[in-house]
Amino acid sequence: MIKIGVLISGSGSNLQAIIDACKNKKINAEVAVVISNKKDAYGLERARKSNIPAVFIEPKVEDFNKKAIEVLEKSKVDLICLAGFLLKISEEFTRKYKNKILNIHPALLPNYGGYGMYGINVHKAVIQAKEKVSGCTVHFVDEEYDNGKIVLQKKVEVLENDTPEILQKRVLEQEHIAYPEALKIVIKMIFEKTKNH
Ligand code: GRF
């Protein structure tokens with residue numbers, strides 16, 4: 001069974017979508033551990049409610065990345081999902097888990113990505129630019145922000161009277177569909193790779 005480690009910083013609604021997809025057998029995997037850089041992240045509570053180890057790592061005092069790698073190694077994860085995770089992960093981390101880290105971004109990359117483009121900022125920029133279409137992207141993570149190979153995108157219409165908050169909500173709904181679908185694709189790739197060797 002593929003083991004997934006999920007890194008969060010906030011409410012963890014994408015984490016919940018992944019947990020539910022595992023529970024409903026939509027994806028053949030289990031969430032082995034949830035790590036957050038925020039002690040009060042509601043996503044830690046969501047993990048505890050599903051009897052998943054929930055680990056808070058203080059980013060200030062110690063090197064968050066080193067500690068997170070330790071926890072992920074102990075949990076023997078095969079894949080890592082960044083889900084509303086707001087720290088930049090280190091080169092050591094991306095090298096160690098090359099092609100095994102996914103992230104979800106609330107826009108159609110490569111547009112509206114990169115440093116500072118997270119949360120409501122993304123939707124403000126999309127509306128400011130009078131875009132007619134937005135959406136979300138699940139992509140592999142490499143050393144650059146929002147730069148890795150795209151796995152899957154979901155499009156969302158931007159409506160005339162959309163506020164950034166309304167658009168964010170509509171995009172978030174698609175994120176909850178996109179992440180489990182992307183995981184299904186990546187897990188299939190992993191099985192095919194192992195079968196062919
Ligand atoms: C949201 O802005 C979402 O678009 C992005 O991370 C933020 C929080 O998501 N992916 P979550 O509810 O913590 O998963």
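## Overall fold

The model is predicted. The protein chain has six helices and seven strands. Read along the sequence, these elements follow the pattern β-α-β-α-β-α-β-α-β-α-β-β-α.

## Surface, burial and charge

Of the 197 residues, 47% count as buried. The accessible surface of the chain comes to about 10,500 Å². Carbon and sulfur atoms account for 53% of that surface.

Take the contacts between residues at least 6 apart: 66% of them join residues at least 24 apart. As for charge, the chain carries 31 positive and 25 negative side chains. The centres of these two sets lie 5 Å apart.

## The nonpolar cores

The largest nonpolar core has 38 residues. Which of them touch the most other members? They are Ile 4, Val 6, Ile 18, Val 31, Val 34, Tyr 179 and Leu 183. Helix α6, residues 164-196, gives this core its largest share, eight residues. Another core lies apart from it and has 19 residues, among them Ala 32, Ile 57, Ile 69 and Leu 82.

Leaving aside neighbours within four places in sequence, Ile 18 is in contact with Ile 4, Ile 27, Val 31, Cys 81, Tyr 179 and Leu 183.

Is helix α1 mostly covered or mostly open? It is mostly covered, with nine of its eleven residues buried. The buried residues are Ser 13, Asn 14, Leu 15, Gln 16, Ala 17, Ile 18, Ile 19, Ala 21 and Cys 22. They pack against strands β1 (2-8), β2, β4 and β5 (101-105), and against helices α2 (42-49) and α6. An α-helix has 3.6 residues a turn, so residues three or four places apart point the same way.

Asn 24 is partly exposed, because its relative accessible area is 48%, between the 20% and 50% cut-offs. The C-alpha atoms of Asn 24 and Asp 162 are separated by 33 Å, and the two residues are 138 places apart along the chain. Lys 25 is exposed, because its relative accessible area of 69% is over 50%.

Most residues other than glycine have a negative phi, and most peptide bonds are trans. Which residues depart from a negative phi? One is Lys 25, with a positive phi near 60°. Another is Asn 51, with a positive phi near 55°. Asn 51 lies in the loop between α2 and β3 (54-56). Asn 51 is exposed, because its relative accessible area of 71% is over 50%.

What form does the peptide bond from Leu 109 to Pro 110 take, cis or trans? This bond is cis, with omega near 10°. Pro 110 is found in the loop between β5 and α5 (120-128).

Asn 65 belongs to helix α3, residues 64-74. Is Asn 65 buried or exposed? Asn 65 is buried, because its relative accessible area of 9% is under 20%. Not counting residues up to four places away in sequence, Asn 65 touches Lys 88, Ile 89, Ser 90 and Phe 93.

Leu 86 sits in the loop between β4 (79-82) and α4 (91-96). Which residues does Leu 86 contact, leaving aside neighbours within four places in sequence? They are Ser 9, Tyr 118 and Tyr 145. Leu 86 and Gly 116 are 30 residues apart along the chain, and their C-alpha atoms are separated by 9.8 Å.

How values were computed:
Residues are numbered from 1 along each chain as its sequence is written. This is a predicted model: local features need pLDDT of at least 70, side-chain atom pairs count only at pLDDT 80 or more; totals for chains, interfaces and linings use all residues. Side-chain values use heavy atoms; hydrogens and water are left out. Helices (H or I, at least four residues) and strands (E, at least two) are DSSP runs, numbered from the N terminus. Buried means under 20% relative accessible area, exposed over 50%, partly exposed in between (1.4 Å probe, protein chains only). Contact means heavy atoms within 4.5 Å. A nonpolar core is a set of buried Ala, Val, Leu, Ile, Met, Phe, Trp, Tyr and Cys residues joined through side-chain atoms within 4.5 Å. Accessible areas come from the Shrake-Rupley method with a 1.4 Å probe; for residues, only the protein chains shown count as cover. Lys and Arg count as positive and Asp and Glu as negative; His and the chain ends are not counted. The place of a charge is taken as NZ of Lys, CZ of Arg, CG of Asp or CD of Glu.
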